[in-house]
Each structure stands twice: as C-alpha cells, then as structure tokens.
Amino acid sequence: MSKKFTVAVAGATGAVGQTMIRVLEERDFPIERIVFLASERSEGRKLSFRGETVRVKKLDHDSFEGVSIALFSAGGGTSQAYAPSAARAGAVVIDNSSAWRMDPDVPLVVPEVNPHAVAGYRTKGIIANPNCSTIQMVVALKPLYDCSRIRRIVVSTYQAVSGTGQKAIQELKNQVRAWADNQKMESDVYPHRIAFNCLPHIDAFQDNGYTKEEMKMVNETRKILEDPEIQVSATAVRVPVFYGHSEAVNVEFEKAVSASRARELLSGAPGVKVVDDPFRNLYPLAIDAEGKDATLVGRIREDISQPNGLDLWVVADNIRKGAATNAVQIAELLADQYL
Ligand code: A2P
C-alpha cells in the first residue's frame, strides 16, 4: 500500500489556502487525514474536502500533533510564529509567506527549476514557496539559462489583486460596482483606487527606492537559480485584474539565444506553454492563465537594443502556480522522495 499523510493547511479560509485545498483534491495527493487551520474568527467554520465536511480549527502551537506536512498561507507573522512549532512537532512546513525565504537554512523551491534543493528541509523542517512573480519568471527563464547564462534581467510586472488576498478581490469588485452606479469608490486595502488604475506600489518601499516585492524578485531569483551574480531590476505594478500576473521580461544572456531557439527550448520545458503567434493575435493573457497551472510564454523576440537580449511576456495564475500549485508540487516531491 502506498504511503498516506496527515496534512494541515494553515490559512485554509484564505484565497491561497482555499486553492491549496482544491489542488490537493485535483492532484489526488495521498492524504490520510486533513486539518484545516485559520484564525479564531473562522473557528468551527465548515469546509469541504473530497465530499466530506471538515471543521476549521484555530491555529495554535499544538495544532500539529501527528501532522507530516503543513502547508502555510496565513501571512508572514503567522508563519514566523507557528512554523517552528509545526516543525518541532515533526511536520515539514511548506510556507507560502516571505518569512523564511531568504533564511540560508531554508530551501526556496520551484520544482521545475531546483527540485534538488528540497533536501535542505532537514535543517529547520521548513521549505519556502517563492514569491508568485518570481516563480513564473524562473519557470520561463530556467530552460534559457541552461542554454546560456543570464547576466541581467529587467522585469515589469502587472499583478492581479488576488495576490493581496480576499479583501482586495472584494475591494476591486466593490469599486467597479460603485463606478458603474456612479457612487463613491472606497479604498481600504490599497492606498489609492485600484479600479481602472495601475499602482506602481506592491509591498513597502525600501531605502533604495525599490519596494519589498521588487527586491524579492532580485534576491529570490538569485537563490533559486543558485547564481548570486545575476543582476535584476524589477518594477512591480498592481493592476485591476482578478487572477493572473503578467510580466514583461527583458533578458541579457552571456551568449546570444535566438528567438527561434528560445521558442524551441520553451516548447519542451516542464510547466511551460508557449503561446506565441502574434499575427493571429495569440499571446499569453491573464484570463487564459486563470485556473490553470501552466506558465504561458509568448511575445518571444530578439531585443533590438542589444546583441544578446531577448524579450518575453510571461503569464501565470498567481494563486495556482504562483502559490498553491507550487506548494502542492513541493509536497509531492517530499512525499515521493523524502518522507
Ligand atoms: P481567517 O479567515 O480566519 O482570517 P487572505 O490572504 O485571503 O486574506 O487569507 C489569509 C488566511 O490567513 C485566512 O485563512 C486567515 O484566516 C488566516 N489568518 C490570518 N491571520 C491569522 C492568524 N493570526 N492565525 C491563523 N490564521 C490566520
């Protein structure tokens, strides 16, 4: 009989937690028992799993008895506070927050890119799931990096509101409704109106003028590709899209990679779907990525401003590949090869 696991989802009521639960069902993860955890506010709430009703429990330091894998998506502070308790209880934590990503004793894993790094979980009992924008970018870049080292990346993101959580999804819906009804639009989650607007501001500003989100793309890309020399400059923008982050990525290689070679490499790459027939209006769209796990890559073209450059347009569902699916894929690697 194949092995089955007790799995906990911390943040089970949230935008990512809910999708983690659906992805565990869809991929038929070998589960013996499932535990749903959230804040006190959700205690006793009923959620369904494989047709059964499971009650949400309040996340506590003693929530992890008998748990083998704990998927966390309940914010950075919660992960900081509770992941060590889960690990002490014997669970391997797969954490979707940014709390542990840059800890040298915590692996940062994208299964298509650096699956071998999972082995590093043994030190702290924690594996970090990277930032959503970083995941889709490295999935698209790794096959090209293996052909020629990348020197520099300049990326602009167009990020969906679901990345901020349920409240932000509701805020965009409310504003669109208010706009259509000629009513005043309220902003609580974001510092400005998000409906029919673009905000060049994701997460807190740093002393160097970049935001934390932008610096995550710099530091996490280096860690995942295991290349501290890669230069990355990112501009992260929140746009009024519900699901699916889009990215304009400009890459400078050590040796030239032609657009046709890139298309060929990406066509056979794990987790990638090339959508690139611009004369037939075919290119990656957030609305096509929504609900799917593939990272869509298109608009592949040689950069006319430099000899070794390529431009790409990269789109993925930020809640699925950018968070829940990547976490469940890590759990699958763990279950298959380590536990
Ligand atoms: P709750 O629904 O009880 O507030 P989102 O990113 O969509 O806002 O979801 C955040 C998730 O993290 C929710 O499941 C939320 O639970 C959970 N969460 C937030 N703060 C805590 C906390 N202090 N303890 C446990 N779960 C928390």
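Modeller: Start with a pair: glutamate 112 and lysine 321 are both buried. Buried means under 20% relative accessible area, exposed over 50%, and partly exposed in between (1.4 Å probe, protein chains only). This is a predicted model: local features need pLDDT of at least 70, side-chain atom pairs count only at pLDDT 80 or more, and totals for chains, interfaces and linings use all residues. Residues are numbered from 1 along each chain as its sequence is written, and side-chain values use heavy atoms, with hydrogens and water left out.

Colleague: What do the side chains of glutamate 112 and lysine 321 form?

Modeller: A salt bridge is a side-chain nitrogen of Lys or Arg within 4 Å of a carboxyl oxygen of Asp or Glu. Here glutamate 112 and lysine 321 form one, at 2.8 Å from N to O. The two lie 209 residues apart: glutamate 112 in the loop between β6 and β7, lysine 321 in helix α8 (residues 320-337). Helices (H or I, at least four residues) and strands (E, at least two) are DSSP runs, numbered from the N terminus.

Colleague: How many salt bridges does the structure hold?

Modeller: The count is 19. Another joins glutamate 213 to lysine 216, with the closest N and O atoms 3.5 Å apart. Both of these residues are buried.

Colleague: Why are glutamate 213 and lysine 216 separated by about one helical turn?

Modeller: Because they are three residues apart in helix α5 (residues 212-224).

Colleague: Is proline 104 buried or exposed?

Modeller: Exposed, because its relative accessible area is 78%. Proline 104 sits in the loop between β6 (92-95) and β7 (126-128).
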